[in-house]
Amino acid sequence: QVLLAESGGGLVQPGGSLRLSCAASGIHYSMYVMGWYRQAPGAQRELVATVARDSNTNYEDSVKGRFTISRDNARNMVFLQMNSLKPEDTAVYFCNARHVSNHVYSYWGQGTQVTVSS
């Protein structure tokens, strides 16, 4: 059974920082592209950042320079360090694991709430 378990969300003031973690089990972790997505109320889910097997990263424009995604293949974990948080970063953040071979394998965590407010 595949399980992606996020943690680290919470309430933070503008300009503050949070570190999200996602622990994966039930998959051959090192073969997967890991990503963080977010969904604000009334909005579609959007990509925040991804990290490939070789640790190449990709970021959505609005988080470049503020967020850092990283992975630990030995512990089957992915992290999102979020600095200089803004109210518009408020959303539920989801961890995703994706692998494409002759089939698309995509798994989601249940999400963790991040609220940026004074």
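## Close-up views of a predicted model

**View A. Two partners face each other across a pair of strands.** Let's start with Arg 71, whose bridge partner in E8 is Val 78. How many bridges join E7 to E8? There are six, and the two strands run antiparallel. Please keep in mind, here and in every view below, that this is a predicted model.

**View C. A disulfide ties Cys 22 to Cys 95.** A search of the whole structure finds one disulfide, and here it is, with 2.1 Å from S to S. A disulfide is a covalent bond between the sulfur atoms of two cysteines. This pair links distant parts of the chain: Cys 22 belongs to strand E3 and Cys 95 to strand E9, 73 residues apart. The link of Cys 22 and Cys 95 is left-handed, with -80° about the S-S bond. Are these cysteines buried or exposed? Cys 22 counts as buried because its relative accessibility is 0%, and Cys 95 counts as buried because its value is also 0%.

**View D. Nonpolar residues gather in a core.** The largest nonpolar core has 28 residues. Among those with the most contacts inside it are Met 34, Trp 36 and Tyr 93, and Val 78, the partner of Arg 71 in our opening view, is another of them. Several strands give two or more residues to this core, including strand E4 (33–39), strand E8 (77–82) and strand E9 (91–100). Now look around Tyr 93: leaving aside neighbours within four places in sequence, Tyr 93 is in contact with residues that include Leu 20, Trp 36, Leu 80 and Met 82.

**View E. An aspartate sits in a loop.** Where is Asp 89 found? Look in the loop between E8 and E9. Asp 89 counts as buried because its relative accessibility is 1%, and the cut-off for buried is under 20%. The side chains of Asp 89 and Arg 66 are joined by a polar contact of 2.8 Å. Not counting residues up to four places away in sequence, Asp 89 also touches Arg 38, Phe 67, Ser 84, Val 114 and Val 116.

Terms used. Residues numbered from 1 in each chain as written. Predicted model: local features only at pLDDT ≥ 70, side-chain atom pairs only at ≥ 80, totals over all residues. Heavy atoms only, no water. Core = buried A, V, L, I, M, F, W, Y, C linked by side-chain atoms within 4.5 Å. Buried < 20%, exposed > 50% of the residue type's maximum accessible area, 1.4 Å probe, protein only. Helix = DSSP H or I, 4+ residues; strand = E, 2+ residues; numbered from the N terminus. Contact = heavy atoms within 4.5 Å. Polar contact = N/O pair within 3.5 Å; in protein donor to acceptor, adjacent residues only side chain to side chain. Pairing = 2+ DSSP bridges. Disulfide = S-S within 2.5 Å.
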